[in-house]
Amino acid sequence: MKVTQEKLPASQIGLEIEITPEITKQTYEQVIKNLASTANIPGFRKGKVPRPILLQRLGTTRIKAAALEELIQDGIEQAVKQESIQAIGQPQLRSSFEDLINNYEPGKPLTISAAVDVEPEVNLVQYTDLRSQAEEIKYDPEQVENTLNKQREELATLIPVEGRAAQIGDVAVVDFKGVFSKAEGEEETGEPEAIPGAEATDFQLELYEDKFIPGFVSGIVGMNPGETKEIAAQFPDPYANEDLAGKAATFTVTVKELKEKELPELNDDFAQEVSDFETLEELRASLVERYQKEADEKTKSNKQEALLTELLKHVEIDLPATLIEKEVDAMLTQTAIRLSQQGLDVRKLFTQDIIPQLRERSRPEAIERLKRSLSLREVGKRESIEVTPDEIAARVTELLQQYPDEQDIDEERLRSMVENELLTEKIVDWLLEHSSVELVPEGSLAPAEETEATQSDTDTNAPETEQSGEPSTEATAES
């Protein structure tokens, strides 16, 4: 079999495959023989249909098409094997099937054009002496005090308040009911429309602005127990419940009781209650160590990220479609598993209409991940960076000890993941040793997309409201 190779874009190899006259004839005759033994033609027993009748009834085009399918499949497989091509994914036919049928004459040579994806070549233009900047995350002593204060808040005792009005930091027991406010110019006739779920009795609310929608808590501040008041508030836009986003509301609120928090003293007894430490000094020291370690790890992560981003500027990789699609598959599978573990119905989220959109949105990240992975692997090859069996075994043992109750761990898969993780760490550490990453103050490196957005348009888009501290009214009313 004569095969001519051609290098194509996207890490494909084009193949011109010339199938010999003997094979085109042999395959055609074999197809006729098979059809003769299986075809149901009235007036003839199976296997006894004369050749001219068979050709007349079935038609030469159908027979040639069946023969072509075999010739194409066998031809491409043999060509890939003959040329020792490490193909990935399924080969693609480049010739028009219709043209092949028209040109196919049994007993004469037939040329088939196909393409196969192969592993991409990684052209590392530069991977040493790289220069980049990364934000340095410094330990903030306030983190320790904030953690201790939060723990004190959790152990606080609620004491009834008498003789004063509600103030920020109190806990108020309230009844409330919300309705939509009339828009400007809208007639006041008729009953206001109630907001679904925006009603509660004996609801205990901490008086902090981020505990409810804007305007609600500030409206309660200054009220006395037994007092009823109408409070104007507005749902943010965007909002978790899209039907309420941006809507103005009026809440009728009755303050039934006020309480204030009595915090425990910061002493050794407190430390023993919230931790395994005997003294407050030991607890503080452990928190300092924890937050210093977190800051160091974030700084190291920033350095690695900055270095890899810089590395990709000096790498040329023409990714094949097969690898990209596999990576997209892996990303969507990981997402589905994570959502399923959170108790969500993946089948409702990953519908046939949504999946193509998810795949398209995942492609840029998939390409980025592949380029990083392949670049690091190439560095490892060039510098002969390896992980020893002892290093892998030690890490696997450590992980198994951390999860002694897990029964379904696939140790072979775990070993493979550990090897890949350790190798990546070694390669990145090697790159850091042979490059320069300048540490700059936290917050001094704005994300590129954020900078571009700010430069291109500072007026057309209003800032979005942070939603993390603003639960929907349904969730609030039920809690």
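Which residue in β11 is the bridge partner of P160? The legends below cover this pair and other close-ups.

The model is predicted: local features need pLDDT of at least 70, side-chain atom pairs count only at pLDDT 80 or more, and totals for chains, interfaces and linings use all residues. Residues are numbered from 1 along each chain as its sequence is written, and side-chain values use heavy atoms, with hydrogens and water left out.

**View 1. Strands paired with β11.** The bridge partner of P160 in β11 is K259. Strands are DSSP runs of E of at least two residues and helices are runs of H or I of at least four, both numbered from the N terminus; two strands pair if DSSP finds at least two bridges between them. Strand β7 (residues 157–160) is antiparallel to strand β11 (residues 248–262), with four bridges. Between β8 and β11, also antiparallel, there are 10 bridges, and V174 has V255 as its bridge partner in β11. Strand β10 (residues 228–234) is joined to β11 by seven bridges in the antiparallel sense; here A233 is partnered by A249 of β11.

View 2. K177 lies in β8 (residues 171–180). Its relative accessibility is 40%, so K177 counts as partly exposed (buried is under 20% relative accessible area, exposed over 50%, partly exposed in between, with a 1.4 Å probe and protein chains only). Apart from neighbours within four places in sequence, K177 contacts A198, E199, T250, F251 and T252, where contact means heavy atoms within 4.5 Å. The C-alpha atoms of K177 and T254 are 9.4 Å apart, while 77 residues separate the two in sequence.

**View 3. The open sheet of β1, β2, β4 and β3.** Four strands in the order β1-β2-β4-β3 make up an open sheet with antiparallel pairing. Strands β1 (2–8) and β3 (87–93) are at the edges, each pairing on one side only. Within the sheet, β2 (residues 12–19) and β4 (residues 110–118) share eight bridges, and I13 is bridged to V116 in β4.

**View 4. Packing of helices α12 and α13.** Helix α12 (residues 389–402) packs on helix α13 (residues 411–433) at about 120°, the axes being 9 Å apart. Axes are lines fitted to C-alpha atoms, for helices over the stretch in contact, and angles run from 0 to 180 degrees between N-to-C directions. The contact involves E391, I392, A393, R395, V396, L399 and L400 of α12, and E411, L414, R415, V418, E419, E421, L422 and K426 of α13.
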